[in-house]
Amino acid sequence: MNKTNYRLLFLSTPVGALGSGIGGGVELTLQNAAKALIAKGHEVEIVAPEGSATNVTKLTQIAGNMQTSAQTQVGADLVVLPQNSVLENMWSYARESQNQFDLLFNFAYDWLPLYLTPFFNRPIAHWISMSSLSPVMDAMVSKTSHLFPNAIAVNTRACADTFSDGDRLMIMGKGLDVSQYNFVKQPEKPSLAWVGRISPEKGLEDAAKAAQSTGLPLHVFGLIQDRAYWEQIKTFFSKAEIHYEGFLSTDELQKKLGQCSALLMTPRWVEAFGNAAIEAFACGVPVISYNSGGLKEIVRHGKTGFLVEMGSVSGLIEAISQLDQIDRFTCRQQLEAEYSLEVWGDRLEKWFDNLITNYSKPRF
Ligand code: HBI
């Protein structure tokens with residue numbers, strides 16, 4: 001059968017401009033998904049808030065007020081939408097231009113795009129980038145998963161299981177552009193890395209404590225989202241050697257990350273995936289992580305890193321002492337086998353084939 005080249009509209013997260021780091025992992029996910037599908041001959045246009053930047057494909061910037069972050073809506077029964085919301089304006093643009101596309105791909109972790117799905121005359125695929133956070137969002141995820149079976153994807157089974165209709169969600173994994181990451185066989189000197197938005201749910205304090213106990217330097221990469229939390233950690237762990245490296249481009253990040261002995265992942269929440277884990281693997285860096293969320297499905301204990309009991313800093317320290325058991329090339333091999341753009345692109349394309357071929361508006 002001759003392969004159809006799709007015209008796809010990607011709608012980014014409304015919490016921040018693409019490239020600002022405010023959108024966290026979902027910015028990388030969106031751009032890698034666009035790369036993966038463009039490599040397979042499809043066309044992608046990205047819609048994102050004003051001030052966004054990308055070198056991957058055509059970008060349409062939309063004005064309006066940023067959306068309130070879902071992390072501030074934990075447990076909420078209400079939907080919050082600012083006046084002249086960029087989310088509302090992005091979806092007005094989508095409604096006006098939908099007939100130029102075969103499918104829309106939503107990356108916002110928000111109620112509105114899910115609710116709007118039956119109002120459109122094009123299939124909408126949804127990427128749910130975090131675990132369950134609020135009843136009002138969970139209810140809309142469930143409702144949409146019943147109206148449009150297979151239209152909602154998550155990274156991992158662990159993330160899906162936090163939603164009441166988790167069995168109706170597609171487990172799509174993740175992919176990255178392997179050619180952007182250089183494998184480092186052996187770092188020049190021992191050190192630890194931590195990558196992520198610096199915010200309480202990411203548990204940076206545990207990594208600082210492990211660094212202080214082992215005396216190893218800790219290189220911290222990511223946007224300082226919660227300044228007070230960051231200052232608290234530096235004060236409390238004043239004896240730890242902490243180097244803040246900033247929110248870096250992929251190329252700058254991989255150069256420094258590759259020189260680390262291990263990446264510590266210390267999430268306090270059910271980490272939906274953990275982009276940093278596969279970026280570390282791409283550089284040959286083993287991952288020491290809490291045995292929680294998506295990381296349970298990514299890290300091979302004793303092979304590409306270690307999984308320790310949730311919240312156990314002593315477990316982190318124990319694992320750090322066993323790092324010489326890990327062959328760093330195994331990390332790179334797992335990445336290439338399971339998380340390359342080709343592997344992920346095939347999965348996304350099959351998903352879209354199914355949604356486009358079987359699309360029909362629900363009969364009410
Ligand atoms: N909050 N309301 C809202 N919408 C998002 O798209 C969103 C968010 N908080 C965090 C976030 N996206 C991303 O950082 C994660 O999806 C990775």
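Predicted model: local features only at pLDDT ≥ 70, side-chain atom pairs only at ≥ 80, totals over all residues.
To colour the two parts separately, assign residues 7-175 together with 340-358 to domain 1, and residues 178-339 to domain 2. The centres of domain 1 and domain 2, taken over C-alpha atoms, are separated by 27 Å.

Stay at this boundary and show its surface: about 1800 Å² is buried between domain 1 and domain 2, and carbon and sulfur atoms give 58% of that area. On the side of domain 1, select Leu 28, Lys 174 and Ser 340, which lose the most area to domain 2 and together account for 28% of what that side buries.

Next, look at what joins the two sides. Between domain 1 and domain 2 there are six residue pairs in polar contact, counting pairs in which both residues have pLDDT 80 or more, while zero salt bridges are found across this interface.

Move on to the ligand, which is surrounded by 19 residues, the closest being Thr 13, Gly 23, Ala 70, Asp 110 and Ser 129. Show the side chain of Thr 13, where an N or O atom is 2.8 Å from an oxygen atom of the ligand. At Ser 69, return to the side chain, in which an N or O atom is 3.4 Å from a nitrogen atom of the ligand.

For the last stop, widen the view to the whole structure, in which a search finds 16 salt bridges. Select Glu 205 and Arg 268, whose side chains meet in a salt bridge with an N to O distance of 3.8 Å. Glu 205 belongs to helix H6 (residues 204-214), whereas Arg 268 sits in the loop between strand E11 (262-265) and helix H9 (275-283), so this pair ties together parts that are 63 residues apart in sequence.

Technical notes: Residues numbered from 1 in each chain as written. Heavy atoms only, no water. Domains from an automatic or database assignment. Buried area = accessible area lost by both parts, 1.4 Å probe. Salt bridge = Lys/Arg side-chain N within 4 Å of Asp/Glu carboxyl O. Polar contact = N/O pair within 3.5 Å; in protein donor to acceptor, adjacent residues only side chain to side chain. Near = heavy atom within 4 Å. Helix = DSSP H or I, 4+ residues; strand = E, 2+ residues; numbered from the N terminus.
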